[in-house]
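Subject: Structure handover and notes

Dear colleague,

Please keep the view open while you read.

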Amino acid sequence: MLLRRSSAEVALLVTVAIWSLNFSAVKAGVTAMEPLVFAVVRFSLGAATTVALVRWREGPLRFARADLPALLVAAFFGITLNQLCFVLGLAVTSASNTALLVGTIPIWTALVAVGLRHERLSTHHWLGLAGGLAGVALVVAGTQAPAVAPGAVSLPLLGELLALGTAASWGVYSVLIRPLMARYSAMRLSSFMMTAGTLALVPLAVPGLLRFDPAAVPAEAWLALLYATFLSVTLTNILYFTAIARVGASRAALYTYLEPFLGVLFAVALLSERVSLLQLTGGVVIVAAIAFARPRQVSIAEPGM
C-alpha cells in the first residue's frame, strides 16, 4: 500500500539521512577492512537480499535478451566502476569531502545526457552547471592536504578525484538506466545491477579476499558493513521508490539536496573530521547551482553509495 503524503515525506527524510550517514559508515568500514573486500562483501549481501525481495514481490527474474548488453554496461558504470571509485576514494580522503563531491551527481548526469545527445540544455542550465563545477574547485582548494614531493599527487587529492569519479560514473549510469526503467521495476533493475556489478568486482578483490580474516575485523567495522548493506541499500530502495509513487520523482529529488551537508555533519560528529570554511562554501555553491539549474532528469535511488 502506498504511503500517505505526510508519511512519504518522512520516508524521504529518513532515506536521505541514511544515505548521508553511509559516507561515515563506509569510511569506518574501509579503514578496518580492505576497501575492495568491503565492497564485495557488502554488495554480495545486498544483491542476495534484493534478489530475494524481487522474487517475493514480483516473481522470477526475467530480462529480455535484447536488453542484456545495455544492462551489463549500466551495471559496470553503476556498481563496478562506481564502487571502485567510492571505496578506494574513501580510503584516502575524508567522508565529508566525499559527501560534498558526490553531491555533484546531477551535474555529471546532465553533462552525460548532453554528451550522448539525449538532451539539450539551455543557457540557464549551463550557467548552473558551471557554478556547480566552481563549487567543486572550492571544495578541492579548501582541503588541507599534507605536503608531498614535487610531481607527486597527495592522497587526499587522489581521493577527491575518485569521489568525482563516483559521481561521474553514477551520472553515466543514471542516463543509461532511464530507458530500461520503462520496462522493468527499479527493484528488479537494482537486483541485476548489484549481482552483475559485484561479479565484475570479485576478480579485482581476489588478493584481498585471500588475505581476509573475518575474526580480525573489529565489531564496529561489521556494524558499518551491515548498516551500509541493509539500511543504505535495501531499506532505502524500498522507502525511496514507495515515496516516489506518492509524491513524484521531482519532489523526492529535492530532498537529496540535504545529503552533502548531512553527510558532513555526521562525519564531523562521528569521525571528528575537520571541514574548512572554503569546503563548506564550495558545498553551498554546488547545491545552490544544482537548485538553480534544476536539470530535468532525476537520478534514481543510490544502491552504489
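Predicted model: local features only at pLDDT ≥ 70, side-chain atom pairs only at ≥ 80, totals over all residues.

Residues are numbered from 1 along each chain as its sequence is written, and side-chain values use heavy atoms, with hydrogens and water left out.

The whole chain

The protein chain has twelve helices and zero strands, where helices (H or I, at least four residues) and strands (E, at least two) are DSSP runs, numbered from the N terminus. Of the 305 residues in the chain, 51% are buried; buried means under 20% relative accessible area, exposed means over 50%, and partly exposed lies in between (1.4 Å probe, protein chains only). The chain exposes about 13500 Å², of which carbon and sulfur atoms supply 69%, with the areas coming from the Shrake-Rupley method with a 1.4 Å probe and, for residues, only the protein chains shown counting as cover. Among the contacts with a separation of 6 or more, 89% are between residues 24 or more positions apart, a contact being heavy atoms within 4.5 Å.

Helix 2 and helix 3

Helix 2 (residues 35-58) packs against helix 3 (residues 68-92) at an angle of about 135°, with the axes 9 Å apart. Axes here are lines fitted to C-alpha atoms, for helices over the stretch in contact, and angles run from 0 to 180 degrees between N-to-C directions. The two helices are therefore oblique to each other, since angles under 35 degrees count as roughly parallel, over 145 as roughly antiparallel, 65 to 115 as roughly perpendicular and the rest as oblique. On the helix 2 side, Pro35, Leu36, Ala39, Arg42 and Phe43 take part, and they meet residues of helix 3 including Ile79, Phe86 and Ala91. By class, this contact of helix 2 with helix 3 has ten nonpolar, one polar and one charged residues, where Ala, Val, Leu, Ile, Met, Phe, Trp, Tyr, Cys and Pro count as nonpolar, Asp, Glu, Lys and Arg as charged, and the others, Gly among them, as polar.

Helix 5 and its surroundings

The axes of helix 5 (residues 105-115) and helix 7 (residues 155-177) come within 8 Å and cross at roughly 50°, which makes helix 5 oblique to helix 7. The contact of helix 5 with helix 7 has ten nonpolar, three polar and no charged residues by class. The buried residues of helix 5 are Ile105, Ile107, Thr109, Ala110, Val112 and Ala113, and these pack against helix 4 (95-102), helix 6 (123-141), helix 7 and helix 12. Just after helix 5, Arg117 takes a positive phi of about 60°.

Two single residues

Ala25 is found in helix 1 (residues 5-32) and counts as buried, at 10% relative accessibility. Ala25 lies 196 residues from Ala221 in sequence, yet the two are 8.2 Å apart in space, C-alpha to C-alpha. Leaving aside neighbours within four places in sequence, Ala25 is in contact with Ala224 and Tyr227.

Ser272 is in the loop between helix 11 (259-271) and helix 12 (277-293), and is exposed, with a relative accessible area of 60%. The phi of Ser272 is near 55°, a positive value in a residue other than glycine. Most residues other than glycine have a negative phi.
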